[in-house]
Amino acid sequence: MPTDAPTLCLVWGPAGHGVTDYGADVAAAAHRLDASTRVVAVTDLEAALRAVGDGERVHLHATDRLLGSSLEDAADAVETLSRSCRLSLTLHDLPQHSDGDKYDRRVAAYRRFFHAVTAVAVNSAHELSLVAEHLDPGLRPAVIPLGTRVPVAPDSPAATAPADLIVLIAGFVYPGKGHEVALRAAAAAVTSLRAGGHPVGDAVVRALGSASPGHDGDVDALERLADDLGARFEISGFLDDDEFARRLRDPGIPVAAHEHVSASRSMLDWMEAGRRPLIVRSRYSDEMDRLRPGTSTLFDPPELADRLTAAWRDPRTTRLAPGHPLRPDLTDTAASYLTWWRGMSR
């Protein structure tokens, strides 16, 4: 097989799932750079097996929830598929202790993923550390950072401060996403602004997205907490891609306060909309701040109320200057994948 043999990119899962959509974006960019790269969308193992040729080099962006109804089923699927092709994976949502009672099973499943396939990539040096800490320090996946859809920040509406202090959080609502932290900080910021004589309205946390499946009760709990704090919690419900992109540009303060982030596409969503979000400091956000300087404002959790106060007073700090560099973009990322695939041993 020649070193430039084409790769089949499987796009597995439903449109709208973050990992599926990102895998589709990378696959399309790889095809634009090398037309011999094939792209096939599948929804289950049977379809994947029909798509691959015997011994063909195949790549898949994956997380366990996409591949089977249980962790064990997901690992079985990877092992079965790998027997029919030369399979490489980009793994998302690496195991960590915040997985709770699923931790041991997730560790076992991800170890099986590694051992079944030809090669593995992850999306950050932080995830490389998670592999060493939770799976096996001897495993050394490639690191290929998430790519943006655009190379520079677009023009954005003029920065305006609504009367209310509005916090915008993108994506699904689920525990640990930061909505509760944002509600408490927004309420404290409004109290501080009023004490300083500023004509601020209500504290509002607005979720741009719907509840993650099975988490409608978390929305109810957040609404009750908001009432207790004298604030408001609002949830948009499902937004299609165009509406989601439009709402990211709304007046308000973008915040990403994930407690247990592995790698985050939603951080890039903000930047692609010309926003400079407040992002909770972590090993991952520190890495992304070094990769794309000036595209976010990092904070430690106790600082969030003060950061919200400052952003309400000067909303220009929540928007990127048009043309601010956002690379690596998807073209850069796809080029890295093509180089990686071509360098794999046969």
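Two strands are said to pair if DSSP finds at least two bridges between them, and helices (H or I, at least four residues) and strands (E, at least two) are DSSP runs, numbered from the N terminus. The model is predicted, so that local features need pLDDT of at least 70 and side-chain atom pairs count only at pLDDT 80 or more, while totals for chains, interfaces and linings use all residues. Residues are numbered from 1 along each chain as its sequence is written, and side-chain values use heavy atoms, with hydrogens and water left out.

**View 1. Strands β7 and β10 within an open sheet.** Strand β7 (residues 165–170) runs parallel to strand β10 (residues 253–256), and two bridges join them; V167 has I253 in β10 as its bridge partner. Both strands belong to an open sheet of six strands with parallel pairing, in the order β9-β8-β7-β10-β11-β12. At its edges lie β9 (232–235) and β12 (297–299), each of which pairs on one side only.

**View 2. The buried strand β3.** Six of the six residues of β3 (residues 57–62) are buried, so this strand is largely enclosed by the rest of the structure; buried means under 20% relative accessible area, exposed over 50% and partly exposed in between, with a 1.4 Å probe and protein chains only. Both faces are covered, with R57, H59 and H61 buried on one side and V58, L60 and A62 buried on the other. Strand β1 (residues 8–12) pairs with β3 in the parallel sense over three bridges, and L10 stands opposite L60. Strand β4 (residues 86–91) also runs parallel to β3, joined to it by six bridges, and here V58 stands opposite L87.

**View 3. The largest nonpolar core and F113.** A nonpolar core is a set of buried Ala, Val, Leu, Ile, Met, Phe, Trp, Tyr and Cys residues joined through side-chain atoms within 4.5 Å. The largest has 37 residues, and those with the most contacts inside it are L10, L87, L89 and F113. Leaving aside neighbours within four places in sequence, F113 is in contact (heavy atoms within 4.5 Å) with D64, L67, A74, A75, V78, L89 and L91. A second, separate core of 33 residues includes A182, L183, A186 and F299.

**View 4. Helices α1 and α13.** Helix α1 (residues 18–33) packs against helix α13 (residues 330–342) at an angle of about 75°, with their axes 8 Å apart; axes are lines fitted to C-alpha atoms, for helices over the stretch in contact, and angles run from 0 to 180 degrees between N-to-C directions. Residues of α1 including Y22, D25 and V26 meet residues of α13, among them Y337, L338 and W341.
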